[in-house]
Amino acid sequence: MVTASKGRAELSAALRALRDEVAGLTNPVIVEKANKILRHDAQRAHRDAEVAARGKGVRPRAYSPPQEITVKAFSQWVNKGSLPPAPDQLLGVVRVMYNERNGRAQSLSPELHDYWCGLYRAAKHSRPGTGTDDTGSAEPQPPPTAGQARPIPPEAFKPLAEVDAPPGIDNPDAPPPWFVGRTSELTRLDTALSGDGEQVVVAAVHGLGGVGKSSLVAQWIATWAHGTWPVVWIRADTAQNVEQGLAEFGTRLQPMLAEVLTVPDLAERGMQWLATHTGWLLVLDNVENPADIATLSARVRGKGRVVITGRLSFPWQPGATVLSLDVLSAEEAEHLLVGLATALGPRDLDGVAELCAALGYLPLAIEQAGAYLGQDRFTTIRGYLKKLTDQPGPTMDRSAVGADPKRTIARIWRVTLDRIADIDPAAVELLQVLAWYASDRIPITLCHNINNDDDSGVETDGAATLAVLAAYSLITPHLGSESLSIHRLVQTVARTPDTTDPHRRPEAIEHAHHRAIETLHTRLPDWQNPAAWPAWRALLPHIDALTSHTTAGKDSVTATLAAIRNLTGLFLNGQGLHVNALTHLQIAVTDRERVLGTDHPNTLASRNNLASAYESAGRVAEAIPLYERTLTDSERVLGEDHPNTLASRNNLASAYESAGRVAEAIPLYERTLTDSERVLGEDHPNTLASRNNLAGAYESAGRVAEAIPLHERTLTDSERVLGTDHPSTLTSRNNLALAYQSAGRVREAIPVYERTLTDSERVLGEDHPDTLASRNNLASAYKSAGRVAEAIPLYQRTLTDRERVLGEDHPSTLTSRNNLAGAYESAGRVAEAIPLYQRTLTDRERVLGEDHPDTLASRNNLASAYQSAGRVREAIPLHERTLTDSERVLGEDHPSTLTSRNNLALAYQSAGRVAEAIPLYQRTLTDRERVLGEDHPDTLASRNNLAGAYWSAGLVGKAIILYEQILAGRERNLGLEHSSTQALRDFLAVLQFWNG
């Protein structure tokens, strides 16, 4: 340690050493600057003395001007390296040198910059009271007493390039006690920091707050052989903290200077040391603003290794390796939670997987929950999960005893939002809106224009706002799919009100909720347009999330949500997703009844849609009462002639038809057609649809002869009114072909089907659902005509296209698979048919339910295939179950139930159990005559089957009587020359001959 006199000698030597660089300072301008400093200091000292004297009640001393410096004296001091004789002059000279150094930074080396800082501070604290000679010698001074400055150590004057880092100077963060996984990330970090000394070695680790960026780096430092020294860890979230971190490093380098240098001076020394040494590792932790570290990065570039952590996904500098840190895997998160929760002993681990999933596998959230559970033995894991669900805000802000209260998820993200709010307040608002949707794959369309007022008329895409959120790792863009993701815990906190958090005020949360609802509602596309179906499918998870997060609120919010649910239910019902459709539509009806009233047109429409979903799901018994109520209310509220009332009557008729109550359906269809013609006109599209529906009902009732003229007229009118290419016209042409096929006029049906398919492909496109249906129907006609070889490729293509366009579980896809199996069976390829029937039955049970009519039909078809394959013992139990379920679900008189009873009789007959078959045939015939009529094709088939059973049982006389009745019916319905009529006439003649 040196004395003050030795320090003065060092100052004198410094002046001599620097005279070449400061030669330009020896001029009147510099001298005047020094004198201004002296005068300013003297005046300020005098004012301070006056204030102190008045405070003591004494008379202040007179002002004493300072001893100013002459140009000659200044030149001598610099050239000879001598020091000024007066203490004030000493300070004035050094301050002039220091100030001029700042003004001429480009001409001084970094070493001199640091040197002048030290000289100025040393001169200020030395303030010798004795004079000096030209050589800078001084009288010895006594050692410093309490309150005096400490002597200046000799190393303070050593260039920093020659200063060695002392042992124990490292200050890395301690690695977390529980560190799991991250093997690949640690390897990538190690690889990134393994470049040679000539490279710019910078690794930037970024990610969401709480994802474990700092922990990863601390773990790497503690457990990997990185070969760097010293390790300098700086909290870099602000420019002040960067400076403070550098100053602390400078203090660790030369502790004695901490008492004589300011924080900026110490920071400069720390930066200079890094710039003049190699082999070190610098960690700039939690960088919020790249500008805060720009100077430091530029000064130390290429000298050591730099690791930057932060939420910002930012191109820090050319050549930097960027590591994006994601959340833990489910297995890693569960391991971490279990380890922390059981730190004090075993405990019930039920709910670990669910809690980790709810926390989104975020390391800090897992650590926070695990530490809390480890201390609180009274709270179970499921109890914590319930707290997280019921009170997410307080739960995410609660830390374990002894833990840093600032290191909770809620507080960490609040700091991030503070920073974002300064940059772009709209980004915080956008985040609050997106918090109400699902966490993954949020379409970019939901981010457009949501920060504008409803009547602003300004359309923005929010690209800049999204960029801010992405930069801070609060969202993850998926550019290829035009969507983004948010961590679910960010959403949970963002939509939870907190009066203490300026970003989560209750009114702001409610406003964001309202905007989320309105935005989603306006983005819903046309549910009937196949081109919009992909967009609908992308929106479904967000509709589910929004509705699940919403409880009963304002009527305006409820009404909009009911509209969303209503449209969603219609789309899902059209996609065959009946269970989900019913959920949405049921809630829509309840909400609209409460908010709008039971008689509001929207309420009536929702009730109609719910009934339609019940019908599509095969729950016709529940659909009919809803349709009946809707019709009654529509007639009372809207009037009998209102278009919506006519639509309600049509829908009720359709439900009656689906239930096999065709006799009740036909009068309703007829009345609807009559009223539509009177109210809307004969050419109105709704009137044409009514005529089509009535024709279909006639067809279902076996009155094909009446159906065909109606179909023909509807087609003619549609072509005239709507045009030959209108989708409704194409439907009419398809329905006419179906009627021809039902009448046995397959040769006429096929050209109509072929034209419909060609026009549908041209007008609607090859993938349109109606086009796929046309191809399926043409295949069916080929099969009916015995052209199975032509039918099978069409069925195969339709199935492939429906799987691709509609999905493997869509009801139409399941129908295609069933039809292809039927074609294989007709072609004698039963071994190929049975696996398809089995898969279809399994899928329909899963998708539609075991009691859906299509599921019952699949079970029947599989039983028939077993029967065709000679596996009658397997077929009979399936037929028996199908009949039992059909009677329970559809009713004993439903046409499908009658078909099931007929098929079971056929199976008994095939098994040689004719005595059991005949009573079933007899009952089926009686019921079909009563329900469908004597001339219905199914009734004629039953009469034929019973006759065959009589013949098999040796009851030829009874068989002949039935065959004669069948022949009369075919002559009446099909004509004398029909092939079926002629074949039966020939068979009956042979039978009568055998019977004598």
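This is a predicted model: local features need pLDDT of at least 70, side-chain atom pairs count only at pLDDT 80 or more; totals for chains, interfaces and linings use all residues.
Local features were taken at pLDDT of at least 70 and side-chain atom pairs only at pLDDT 80 or more, whereas totals for chains, interfaces and linings use all residues. Residues are numbered from 1 along each chain as its sequence is written, and side-chain values rest on heavy atoms, with hydrogens and water left out.

The protein has 42 helices and eight strands. Helices (H or I, at least four residues) and strands (E, at least two) are DSSP runs, numbered from the N terminus. Of the 996 residues, 49% count as buried. Buried means under 20% relative accessible area, exposed means over 50%, and partly exposed lies in between (1.4 Å probe, protein chains only). The accessible surface comes to about 44,200 Å². Carbon and sulfur atoms hold 52% of that surface. Areas were computed by the Shrake-Rupley method with a 1.4 Å probe; for residues, only the protein chains shown count as cover. Among contacts with a separation of 6 or more, 64% join residues 24 or more positions apart. A contact means heavy atoms within 4.5 Å.

Helix α6 spans residues 183-192. Its buried residues are E185, L186, L189, D190 and A192. Seen down the axis of α6, these residues fall within an arc of 165°, so they line one face of the helix. The arc is that of the directions from the helix axis to the C-beta atoms. T183 and T191 are exposed on the other side of α6.

Strands of a sheet pair through backbone hydrogen bonds, either parallel or antiparallel. Here, two strands count as paired if DSSP finds at least two bridges between them. Strand β3 (residues 281-285) pairs with β4 in the parallel sense over four bridges. L282 has V306 as its bridge partner in β4. Together with helix α10 (residues 294-300), β3 and β4 make a right-handed β-α-β unit. Right-handed means that, with the strands pointing away from the viewer, the path from the first strand over the helix to the second runs clockwise. Strand β4 (residues 305-310) is mostly covered, with six of its six residues buried. R305, V307 and T309 point one way from β4, while V306, I308 and G310 point the other way.

An open sheet is formed by three strands in the order β6-β8-β7, with antiparallel pairing. β6 (442-443) and β7 (476-478) stand at the edges with a single partner strand each, so one side of each is left without a neighbour in the sheet. β6 pairs with strand β8 (residues 483-485) over two bridges, in the antiparallel sense. P443 stands opposite S483 in β8.

The structure holds five aromatic pairs. Rings of Phe, Tyr and Trp (its six-membered ring) pair if their centres lie within 6.5 Å; planes under 30 degrees apart count as stacked, over 60 as edge-to-face and the rest as tilted. The ring centres of Y372 and Y384 lie 5.8 Å apart with the planes at 50°, so this pair is tilted. The pair links distant parts of the chain, with Y372 in helix α13 (residues 363-375) and Y384 in helix α14 (residues 381-390), 12 residues apart. Y372 is buried at 13% relative accessibility, and Y384 is buried at 1%.

W951 and F987 form an edge-to-face pair, at 6.1 Å centre to centre and 85° between the planes. W951 lies in helix α40 (residues 937-952) and F987 in helix α42 (residues 979-994), 36 residues apart. W951 is partly exposed at 36% relative accessibility, and F987 is partly exposed at 32%. Ring pairs link W951, Y963 and F987 into a cluster.
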